[in-house]
Amino acid sequence: MRRAILAVIAGGAILAVSACDSDADATPEAAAPSRTAPTAAVSTPAAPDYSANTTQVCGKLKTLYTVELRAFGTAMGKMVTYKEAKQTADAEKAEATAAGQLKAAATKIRKETAAAEDPTFQAAGKVSASKLESSAADRRYMDKVKTLADLNKTVEAQFTEWLTPVAGYCGS
């Protein structure tokens, strides 16, 4: 987003300079002294630099992968094992644990990105957190996973769906 804003500002400045240069060639000699008259400098405010804060917030989010999402994966693995063994009660407990880990991940993302200075990063955190909370509440994804092969085929795409908004800032 910052790059796009900078590109628009730079493009506008180039157009303004090129427009002035093209007018300069068409100006009669008599008007030349007026071109050298002092003019007010056009200044566009520099886009805020959020990089240090973004790095700090992303550092705090890295534990998300080693704690909450790892625990989610473990619970999902247990759920599948119990489903395959036809141990429904244990499978439901493991599913509830997995949903709890998604909620914990959402809470962590929401909390850490709320401290971001970049408002678009804050918004991305809200989107990722909402996606995780929705999956924890409706559990459709978990219900589709019946075997370890199902889990292995779908987990990466599911993580991508949940985390893409935040990953765009953290490069994860």
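1. A reader new to this predicted model may begin with Lys-86, which at 71% relative accessibility counts as exposed, because the cut-off for that class is over 50%. Lys-86 lies in the loop between α5 and α6, and this residue has a positive phi of about 60° although it is not a glycine. As background, most residues other than glycine have a negative phi.

2. Arg-139 is placed in the loop between α7 and α8. With a relative accessibility of 25%, Arg-139 counts as partly exposed, since that class covers values between the 20% and 50% limits.

3. The helix that comes before Lys-86 is α5, which covers residues 68-84, has 17 residues and reaches 24 Å from its first C-alpha to its last, close to the 24 Å expected at 1.5 Å a residue. Which residues of α5 are buried? They are Glu-68, Leu-69, Phe-72, Ala-75, Met-76, Gly-77, Met-79 and Val-80. In an α-helix there are 3.6 residues a turn, so residues three or four places apart point the same way.

4. The packing of α6 with helix α7, which spans residues 119-138, deserves a point of its own, for the two helices meet at an angle of about 170° with their axes 8 Å apart. Because that angle is over the 145 degrees required, α6 is roughly antiparallel to α7. On the α6 side the contact is made by Ala-99, Leu-102, Lys-103, Ala-105, Ala-106, Ile-109, Arg-110, Thr-113 and Ala-114, while the residues of α7 that take part include Phe-121, Gly-125, Ser-128, Ala-129 and Leu-132. Taken by class, the residues of this contact of α6 with α7 divide into 10 nonpolar, six polar and four charged.

5. Val-166, a residue of helix α9, is buried, with a relative accessible area of 7%. Which residues does Val-166 touch, not counting residues up to four places away in sequence? They are Leu-61, Ile-109, Thr-113, Phe-121, Ala-124, Gly-125 and Ser-128. Among these, Ile-109 and Thr-113 of α6, together with Phe-121, Gly-125 and Ser-128 of α7, also belong to the contact between α6 and α7. Val-166 and Ala-129 are 37 residues apart in sequence, and their C-alpha atoms are 9.3 Å apart in space.

6. Thr-54 has its place in helix α3, which runs over residues 51-61, and at 7% relative accessibility this residue counts as buried. Leaving aside its neighbours within four places in sequence, Thr-54 is in contact with Phe-121 and Tyr-169. Phe-121 is also one of the residues that Val-166 touches.

7. The structure holds one disulfide, which joins Cys-58 to Cys-170 with a distance from S to S of 2.0 Å. The torsion about the S-S bond of Cys-58 and Cys-170 is about -85°, so the disulfide is left-handed. Cys-58 lies in helix α3 and Cys-170 in helix α9, so the pair ties together parts that are 112 residues apart in sequence. Are these two cysteines buried or exposed? Both Cys-58 and Cys-170 are buried.

Technical notes: Residues are numbered from 1 along each chain as its sequence is written. This is a predicted model: local features need pLDDT of at least 70, side-chain atom pairs count only at pLDDT 80 or more; totals for chains, interfaces and linings use all residues. Side-chain values use heavy atoms; hydrogens and water are left out. Helices (H or I, at least four residues) and strands (E, at least two) are DSSP runs, numbered from the N terminus. The expected span of a helix is 1.5 Å times one less than its number of residues. Buried means under 20% relative accessible area, exposed over 50%, partly exposed in between (1.4 Å probe, protein chains only). Contact means heavy atoms within 4.5 Å. Axes are lines fitted to C-alpha atoms, for helices over the stretch in contact, and angles run from 0 to 180 degrees between N-to-C directions. Angles under 35 degrees count as roughly parallel, over 145 as roughly antiparallel, 65 to 115 as roughly perpendicular and the rest as oblique. Ala, Val, Leu, Ile, Met, Phe, Trp, Tyr, Cys and Pro count as nonpolar, Asp, Glu, Lys and Arg as charged, and the others, Gly among them, as polar. A disulfide is a pair of cysteine sulfur atoms within 2.5 Å.
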